[in-house]
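Colleague: Could you walk me through this model, starting with its charged side chains?

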Amino acid sequence: MTDNYPPFDTRWFYALVAVGVFLNATGLFPPVMELDGALYACIAKQMAQTGDFVNLYAVGSDWLDKPHFPFWIIATSYRIFGVNTFGYKFPALLFFLGSAVYTYQFARLAYSKIVAQVATLVLLTAFHGVLSNSDVRAEPYLMPLIIGPVYHFYRVFLGNKNGLSPGFSSAKSWLHLLIGSLLTGCALMTKGVFVLIPIGGGLVLHWLLTGHWRELLKIRWYVAVALSFAFTLPEIYCLYQQFDLHPEKIIFGRTGVSGVRFFFWDSQFGRFFNTGPIKGEGDKFFFVHTLLWAFLPWSLPLYISIGKALIGLIKRQNPLPEYISLGSGLLTFALFSLSGFQLPHYLNIVFPFYAILTAQFLVNLKPNTLRKWTTGQTIIGLAIAGIAVALLVLVQPDKLVGALIWVVIITLATFTIFRQNNLLSLSGRMVGAMLVLAGTLNLFLYPTFLNYQAGMATAQYVNAEPKLAKRSTVLYEPGSGVGGGSFWTYEFYANAPTVYARTDSALRVQLQTGPRQLFTTGVYADSLTMRGFRVKQIAMFPYYHVSQLTYPFLNPTTRSQTLLPYVLAEVSQ
């Protein structure tokens with residue numbers, strides 16, 4: 001398989017990468033988003049403020065759901081930058097950009113420079129990857145912790161082949177093995193044992209398809225597995241200290257819960273078979289249609305590239321330079337499709353492999369075919385810009401004129417600079433389209449939507465009022481479990497301490513020293529009055545679950561019908 005196009009001029013490539021970095025960095029500006037992002041931000045906040053890096057707590061209780069690694073990174077960031085939005089999001093952006101570097105480096109091991117360049121730009125502009133730098137969860141951390149080990153392990157496999165330095169020594173090989181194992185251990189401490197599928201599955205498939213099955217017999221790979229689990233020992237220690245040594249703790253409504261068992265079994269296989277304490281509803285075709293929008297504007301060439309690769313395998317024609325990308329991408333896709341617990345952002349972790357598959361497909365198109373693809377992708381790019389304009393006109397954000405100017409200027413500049421129907425213009429137009437969309441969302445729309453995170457709005461109000469700012473706040477949320485709503489953004493953005501009360505008896509304990517400042521829903525506030533508590537309302541703020549946008553909320557004329565009240569009050573017995 002030979003490339004039909006020379007590499008991009010270095011200046012053009014770095015310019016487009018810079019734009020790609022910037023459009024992802026716009027995600028630093030919107031506040032932390034409910035629900036999961038705010039929860040993770042609060043867990044790391046408590047870790048940073050208490051100095052307890054062993055135990056994880058949420059809503060004042062022991063928390064057993066996700067491993068520690070992202071919280072260690074975020075808590076460290078808080079200690080450097082402070083407990084704020086930037087401190088929460090910035091390390092995730094750095095990890096994401098690390099995945100772009102590793103994508104380029106891995107692609108260069110098996111493909112030409114132009115494929116590596118296009119793959120990097122594809123990864124920087126895939127929609128859900130961009131979104132993950134605004135609504136930050138675990139996925140930006142996982143991306144380099146999966147493509148990174150694959151790069152290092154593949155270098156071990158290649159030795160001094162494929163253009164690597166002739167001096168690639170045994171010592172360097174073991175160094176790559178060590179680094180790959182360390183990154184794998186960090187991946188395990190981020191998401192659990194399933195990460196071994198995207199890391200190791202593609203390598204094994206590549207060896208089987210290329211006749212290198214004897215690699216499975218080599219001791220170095222079993223050393224890598226052992227080292228990976230050895231690097232996971234800090235996680236095992238923390239779980240054992242918090243849960244296994246304390247079987248009396250009530251976790252998931254029962255005692256005797258093992259944190260180590262949860263890490264190795266319930267959090268992975270329990271979710272896959274839907275038998276664990278955290279359940280979902282799986283749909284075998286969920287990721288088929290999800291990937292169509294999550295990987296925009298590159299989803300169509302991705303699907304075609306996968307189809308061509310599979311047909312080539314069946315017919316034993318047009319072999320790929322490597323099958324790791326195809327294997328890791330498809331095995332992970334199949335794993336999540338069969339799982340009983342599914343969320344759209346799960347596939348972000350294999351976007352680097354999808355980016356490489358997409359890039360090698362585009363680079364190997366014949367010139368006439370590429371011109372057609374450039375036209376088709378341009379239509380998708382214009383549709384993205386049109387959607388951005390439609391959303392702005394519908395939502396009517398405060399800076400509507402500025403937002404429309406943003407869209408028009410970037411769109412005109414993109415088509416002025418990239419006028420030809422070639423690979424550079426195709427890449428440049430897609431970067432421009434995603435710059436339009438990322439800027440529209442992160443600089444204009446999300447600031448409007450997130451005003452309806454009542455917890456954040458109330459915390460900002462309290463922080464600005466000298467009489468309220470120094471008082472601790474009781475977060476009254478009856479029920480069991482971790483909770484949700486808008487309490488986490490209050491906890492995160494409030495400068496003063498907060499404490500949760502999940503029952504009336506817990507609330508009465510808090511009121512023994514006198515009246516307390518309390519934050520809760522309007523419904524709960526009314527119920528407290530009915531049960532004999534004295535409730536003096538201080539302020540009320542509208543709430544909407546902003547991660548589940550609907551047309552009635554987007555439309556200013558019907559938005560008020562979708563809002564629920566949250567109340568800041570002074571409560572006494």
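Modeller: Gladly, and keep in mind that this is a predicted model. To begin, a network of salt bridges links Asp36, Asp135 and Arg137.

Colleague: How many salt bridges does the count come to?

Modeller: Side chains of opposite charge can pair when their charged atoms come close. The rule used here asks for a side-chain nitrogen of Lys or Arg within 4 Å of a carboxyl oxygen of Asp or Glu. By this rule, the number of salt bridges is eleven.

Colleague: Which residue forms a salt bridge with Lys249, and which element holds that partner?

Modeller: In this pair the closest N and O atoms are 3.0 Å apart, and the partner of Lys249 is Asp62. The two are 187 residues apart, so the pair links distant parts of the chain. Lys249 sits in the loop between α11 (233-244) and α12 (259-272), while Asp62 belongs to strand β2 (residues 61-62).

Colleague: Is Lys249 buried or exposed, and how does Asp62 count?

Modeller: Buried means under 20% relative accessible area. Lys249 has 19%, so Lys249 is buried. Asp62 has 24% relative accessibility and therefore counts as partly exposed.

Colleague: Which helices does the salt bridge between Lys191 and Glu139 tie together?

Modeller: The side chains of Lys191 and Glu139 meet at 3.5 Å, N to O. They are 52 residues apart in sequence, so the pair ties together separate parts: Glu139 lies in α7 (residues 139-158) and Lys191 in α8 (residues 170-191). The helices you asked for are α7 and α8.

Colleague: Are Lys191 and Glu139 buried or exposed?

Modeller: The cut-off for buried is under 20% relative accessible area. Lys191 has 12% and Glu139 has 2%. Lys191 therefore counts as buried, and Glu139 also counts as buried.

Colleague: Leaving aside neighbours within four places in sequence, which residues is Lys191 in contact with?

Modeller: Lys191 lies in helix α8, and its salt-bridge partner Glu139 is one of the residues in contact with Lys191.

Colleague: In the salt bridge of Lys218 with Glu215, how do Lys218 and Glu215 count by accessibility?

Modeller: The closest N and O atoms of this pair are 2.8 Å apart. Lys218 has 35% relative accessibility, so Lys218 counts as partly exposed. Glu215 has 6%, so Glu215 counts as buried.

Colleague: Let's turn to the backbone. Where is the cis peptide bond from Glu34, and where is the one that joins Leu296 to its neighbour?

Modeller: Most peptide bonds are trans. The bond from Glu34 to Leu35 is cis, with omega near 5°, and Leu35 is in the loop between α1 (10-25) and α2 (36-50). Leu296 and Pro297 are also joined by a cis bond, with omega about 5°. Pro297 is in the loop between α13 (286-294) and α14 (299-315).

Colleague: What is phi of Phe252, and what is phi of Gln396?

Modeller: Most residues other than glycine have a negative phi. Phe252 is in the loop between α11 and α12, and Gln396 is in the loop between α17 (367-395) and α18 (400-417). Phe252 is partly exposed at 34% relative accessibility, and Gln396 is partly exposed at 43%. Phi is positive in both: about 55° for Phe252 and near 60° for Gln396.

Colleague: Are α18 and α19 roughly parallel or antiparallel to each other?

Modeller: α18 packs against α19 (residues 423-449) with their axes 9 Å apart and at an angle of about 170°. Angles over 145 degrees count as roughly antiparallel. The two helices are therefore roughly antiparallel.

Colleague: Which class gives nine residues to the contact of α18 with α19?

Modeller: The α18 side includes Trp406, Val407 and Ile410, and the α19 side includes Arg429, Leu435 and Val436. By class, the contact has seven polar residues, one charged, and nine that are nonpolar.

Definitions and conventions
Residues are numbered from 1 along each chain as its sequence is written. This is a predicted model: local features need pLDDT of at least 70, side-chain atom pairs count only at pLDDT 80 or more; totals for chains, interfaces and linings use all residues. Side-chain values use heavy atoms; hydrogens and water are left out. Helices (H or I, at least four residues) and strands (E, at least two) are DSSP runs, numbered from the N terminus. Buried means under 20% relative accessible area, exposed over 50%, partly exposed in between (1.4 Å probe, protein chains only). Axes are lines fitted to C-alpha atoms, for helices over the stretch in contact, and angles run from 0 to 180 degrees between N-to-C directions. Angles under 35 degrees count as roughly parallel, over 145 as roughly antiparallel, 65 to 115 as roughly perpendicular and the rest as oblique. Contact means heavy atoms within 4.5 Å. Ala, Val, Leu, Ile, Met, Phe, Trp, Tyr, Cys and Pro count as nonpolar, Asp, Glu, Lys and Arg as charged, and the others, Gly among them, as polar.
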